[in-house]
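I opened this one to see what could be read off the coordinates. My notes are below, in the order I went through them.

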Amino acid sequence: MSSAVSFFFTPFSITFAIKLHEMQGFEGYVGVRLWDGQMVNDLIFALLFALLLVFALVFHSNFRLFVKMVRDVFFIKNRLSLFENIDGNETVFRSFMIFQSLFLTSLILFLSSRIYGYIGDFNLGTNLAVIGLVFVILFALYLLKQILYSMLGAIFATDEQYSAWRMGYAAATGFWGVLLYLPVLWLAFIETQPRIPIIMFVFLYVFWRLIIIYKTICIFNIKGVAFLYIILYLCAQEILPLIFLYEGIFYLCNFIDGIAIWR
């Protein structure tokens, strides 16, 4: 009799003990578990929201400078007008527009590398470090190109020509940065057809460089044999830095992916 009772109640006792242990460890509704890429998406959303907020403030306070920037993209000025005075802080506006272009390019390179598996889903600090490192590389390349441009302008051009070209370069860069919101938003929030925004980014980059080349030819009156110099300029200033940038970004992705401490 006792053996039968123990045989009957033993499984029940074990089940009851397990249920009691689960109830003691239950902490309420814990929600749906976040997938590995959710943190990256939240980070990109926060960065884009902050950038768009600052851009809206800059656009609101410097609307006439924005209109002037768009006008300078599509019209050629061989010299600056002494009577053109527009309200707004042109230095702050131009600096932010260039920063916006470089930062959005960093996000595009980061998101593209993540989509195609060159980098993984890291923690918050590592993702910020990767984006910041890509931005620093692009900013260093931008400063290097500006130094080379200033040297060439001081040697081969007048002050008026170089000032007009520099203003056209800044206008084209700022306008290009505004257009970069399209591929960035696609890569960040639309998970289908990632090739379309990447092709769009390449097209916008080529469009930006063609505008600068056209302005260079018109402002400096390049004719005849001088076209040989513009070809040399394109190879030295436009094509070769892109090769170095590609090699640097590729090495950076392999370096980050190969170190266990980043994971």
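What follows are my entries, topic by topic.

**Ground rules.** I am working from a predicted model, so I take local features only at pLDDT of at least 70 and side-chain atom pairs only at pLDDT 80 or more, while totals for chains, interfaces and linings use all residues. I number residues from 1 along each chain as its sequence is written, and my side-chain values use heavy atoms, with hydrogens and water left out.

**Overall layout.** I looked up the secondary structure first. The protein chain has nine helices and zero strands, where helices (H or I, at least four residues) and strands (E, at least two) are DSSP runs numbered from the N terminus. Read along the sequence, that gives α-α-α-α-α-α-α-α-α. Next I checked burial, with buried meaning under 20% relative accessible area, exposed over 50% and partly exposed in between (1.4 Å probe, protein chains only). Of the 263 residues, 35% count as buried. I also looked at contacts, meaning heavy atoms within 4.5 Å. Among contacts with a separation of 6 or more, 80% are between residues 24 or more positions apart.

**Helix 5.** I took the expected span of a helix as 1.5 Å times one less than its number of residues. Helix 5 runs over residues 124-156. It has 33 residues and reaches 48 Å from first C-alpha to last, close to the expected 48 Å. Its buried residues include Val 130, Ile 131, Val 134, Phe 135 and Leu 138, but also Asn 127, Lys 145 and Gln 146. Leaving aside neighbours within four places in sequence, Gln 146 is in contact with Tyr 162 and Tyr 169.

What does Phe 103 touch, not counting residues up to four places away in sequence? I find Leu 47, Leu 51, Ile 131 and Phe 135. Phe 103 is found in helix 4, and it is buried at a relative accessible area of 13%. Ile 131 and Phe 135 are among the buried residues of helix 5. I also noted Val 134, which is 31 residues from Phe 103 in sequence and 8.8 Å from it in space, C-alpha to C-alpha.

Helix 8 (residues 195-219) has 25 residues and reaches 36 Å, close to the 36 Å expected. Its buried residues include Phe 201, Tyr 205 and Trp 208, along with Arg 209 and Lys 215. In the loop between helix 7 (181-189) and helix 8 I stopped at Gln 193. Gln 193 has a positive phi of about 50° although it is not a glycine. Most residues other than glycine have a negative phi. Gln 193 is exposed, with a relative accessible area of 52%.

**Salt bridges.** How many salt bridges does a search of the whole structure find? It finds two, taking a salt bridge as a side-chain nitrogen of Lys or Arg within 4 Å of a carboxyl oxygen of Asp or Glu. Side chains of opposite charge can pair when their charged atoms come close.

- Asp 72 pairs with Lys 68, the closest N and O atoms being 3.1 Å apart. Both lie in helix 3, four residues apart, about one turn of the helix. Asp 72 is buried at 6%, and Lys 68 is buried at 6%.
- Arg 94 pairs with Glu 90, the closest N and O atoms being 2.8 Å apart. These two are four residues apart in helix 4, about one helical turn. Arg 94 is partly exposed at 27%, and Glu 90 is partly exposed at 32%.

**Cavities.** On a 1 Å grid over the protein atoms alone, I count as a cavity a set of points where a 1.4 Å probe fits but cannot get out, and lining residues have an atom within 4 Å of a point. Grid points are joined across faces, edges and corners, and a volume is the space filled by probe spheres set on the points. I get three cavities of 30 Å³ or more.

Glu 90 and Arg 94 are the pair from the second salt-bridge entry. Helix 3 (63-74), helix 4 (90-115) and helix 6 (159-179) each supply at least two lining residues, and helix 4 gives the most, with five. I sorted the lining into eight nonpolar, one polar and four charged, with Ala, Val, Leu, Ile, Met, Phe, Trp, Tyr, Cys and Pro as nonpolar, Asp, Glu, Lys and Arg as charged, and the others, Gly among them, as polar.

How values were computed. 1 Å grid on protein atoms, 1.4 Å probe; cavity = no way out; pocket = protein on both sides within 12 Å on 5 of 7 lines; lining within 4 Å.
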